[in-house]
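Biologist: Hello! Could you walk me through this structure, one question at a time?

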Amino acid sequence: MTKPNTIRGDWEPHAGRLADELAAAGKLTEPRLAEAVRAVPRHAFVPTYHQQTADGSWARCVSVDDLASVYANTALITALAPAATGGTTVLSSSTQPGLMTRMIEALHLIDGARVLEVGTGTGYNAGLLAHRLGDGQVYSVDVEADLVELARQRLAGLGYHPTLVAGDGAAGLPEHAPFHAIIATCAVPAIPWAWVEQVRPGGVILSDLKPAPGAGSLVRLTRRDDDRAEGRFDATYAAFMDLRHTAGNNPAGFRVERDHDRAEYRTTSLDPNTPWASLLVWFLASFDLGPEIAYGYTLPEGGKIPAHSDTVPTASWIATPDGSWAEITLAAQNGQHEVAEGGPRRLWRLIENAYDTWTDLGRPGWDSFGLTVTPGTHTVWFDQPDSEHTWYLAAPVDDGEKFGAAGRAV
Ligand SMILES: C[S@@+](CC[C@H](N)C(=O)[O-])C[C@H]1O[C@@H](n2cnc3c(N)ncnc32)[C@H](O)[C@@H]1O
């Protein structure tokens, strides 16, 4: 593919270095995809990006002024919006190139494969796919119409013309199905059945599955003839921004007052950082905690932790919409942290139980777990689909997308 020579900056050596770096790290092994990384100028899709500064505000960076940063294996924040809770939220980003190449390789694409990407964003990944497979094989959808339009212009400026659509990618693109693969670059609370219907038998769905905030990772499913999709989680944890059904930011969450006067107190030896530090335990706990969980750190004087701040939190906390909450001091005495719990459920106990389960299973990694999806069920299993250790997400209840109560099957 010949590219117009209007792209600013001496970017090709940077793109070449990025390809070499990803190859050396084992994240880029297919020669044809490596060729795409060398040929597609990332900074044409990310002409500017946002970087958070020490005081928590966002600075705008111009890519052509620092090409080395744009051709590094890092995610770049490309679109911001006012958050429903105040402050700023991220609407779109350019994913880490190494994660992108790992995911594309995990699709096991052959020439002629048709691929649907959910989450066009900047269009860079669609550019890599179009370079690798050809325009006619690549479809990409994003809920943000203006991002789709920008991506279309940038791709066309480089000579790429994949099919881009503005809309809710949870519905897939039935008019262009069937696909050999669907790759989602946003996180879903459950795999939409429409995706299973729109991949061919033997085709692959690769998505970040997060049934609850922060709880879950990349899963690679193969559609089977018997109308189910099944597969394992990827060995390496990954986190994408959440899918939202409408453009703009996600709705505001919920608040639970932590009334320490009416709390029950006890101690725990479990690390209070578990929701962040032990992501598989957090995932297993989420089946009991439910799909809506708020969590964070408590500061000595209250308020939020500014980015890169030196403020040291005193405790971690979690809460669920039924009014349950737990707060765990970070400081320990003889290895014991103080736990305060209030509301109808003892949330920290659920996390301790999940930790015990994970320990009893031999502290397995993500790829020891898998997922089976049928029209009405999502079953997570340990080791094998017919395992005695399974967890389930209950059937969709309201809008057909968001799963209701989650639970443990066995
Ligand atoms: C991490 S970015 C994607 C990065 C992109 N693949 C690239 O190469 O730049 C995630 C994208 O998912 C999009 N998204 C969120 N909800 C969506 C939905 N329901 N359907 C399609 N895209 C969605 C966001 O607007 C955002 O652009």
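**The ligand and its surroundings**

Modeller: Gladly, and please keep in mind that this is a predicted model.

Biologist: Thanks! Which pocket does the ligand sit in, and how much of the area it exposes alone does the protein bury?

Modeller: The ligand's place is the second largest pocket. A polar side-chain atom of Glu 117 lies 2.8 Å from a nitrogen atom of the ligand. Taken alone the ligand exposes 600 Å², and the part of that buried by the protein is 99%.

Biologist: Which element gives the largest share of the shell around the ligand?

Modeller: Several elements each supply at least two residues of this shell, among them β5 (115-118), α6 (124-133) and β6 (138-142). The largest share is four residues, and they come from β4.

Biologist: How many residues of the shell around the ligand are polar?

Modeller: There are 27 residues around the ligand, and those that come nearest include Ser 92, Thr 122 and Asp 168. Nine residues of the shell are nonpolar and five are charged, while the number of polar ones is 13.

Biologist: Which residue has a side-chain N or O atom 2.7 Å from an oxygen atom of the ligand?

Modeller: Let's set two contacts side by side. Gly 169 uses a backbone N or O atom, which lies 2.8 Å from a nitrogen atom of the ligand. The 2.7 Å distance to a ligand oxygen atom belongs to a side-chain N or O atom of Asp 142.

**Other parts of the chain**

Biologist: Is Glu 144 buried or exposed?

Modeller: Glu 144 is in the loop between β6 and α7 (145-157). A polar atom of its side chain lies 2.8 Å from the backbone nitrogen of Gly 248. Buried means under 20% relative accessible area. Because its relative accessibility is 5%, Glu 144 counts as buried.

Biologist: Why is helix α10 described as largely enclosed by the rest of the structure?

Modeller: Helix α10 covers residues 279-289. Its buried residues include Trp 282, Phe 283 and Phe 287.

Biologist: Which residue follows α10, and what is its phi?

Modeller: Here we step just past the end of the helix. The phi is positive, near 105°, and the residue is Gly 290.

Biologist: How far apart in space are Ala 294 and Ala 212?

Modeller: Ala 294 is found in strand β13 (residues 294-298), and it is buried, with a relative accessible area of 16%. In sequence, Ala 294 and Ala 212 are 82 residues apart. In space, C-alpha to C-alpha, their separation is 9.5 Å.

Methods. Residues are numbered from 1 along each chain as its sequence is written. This is a predicted model: local features need pLDDT of at least 70, side-chain atom pairs count only at pLDDT 80 or more; totals for chains, interfaces and linings use all residues. Side-chain values use heavy atoms; hydrogens and water are left out. A residue is near a molecule or strand if one of its heavy atoms lies within 4 Å of it. A polar contact is a pair of N or O atoms within 3.5 Å; within protein, one must be able to donate a hydrogen and the other to accept it, and residues adjacent in sequence count only if both atoms are side-chain atoms. Accessible areas come from the Shrake-Rupley method with a 1.4 Å probe; for residues, only the protein chains shown count as cover. On a 1 Å grid over the protein atoms alone, a cavity is a set of points where a 1.4 Å probe fits but cannot get out, and a pocket is an open set with protein on both sides within 12 Å along at least five of seven lines; lining residues have an atom within 4 Å of a point. A molecule sits in a cavity or pocket if more than half of its atoms lie within 2 Å of its grid points. Ala, Val, Leu, Ile, Met, Phe, Trp, Tyr, Cys and Pro count as nonpolar, Asp, Glu, Lys and Arg as charged, and the others, Gly among them, as polar. Buried means under 20% relative accessible area, exposed over 50%, partly exposed in between (1.4 Å probe, protein chains only).
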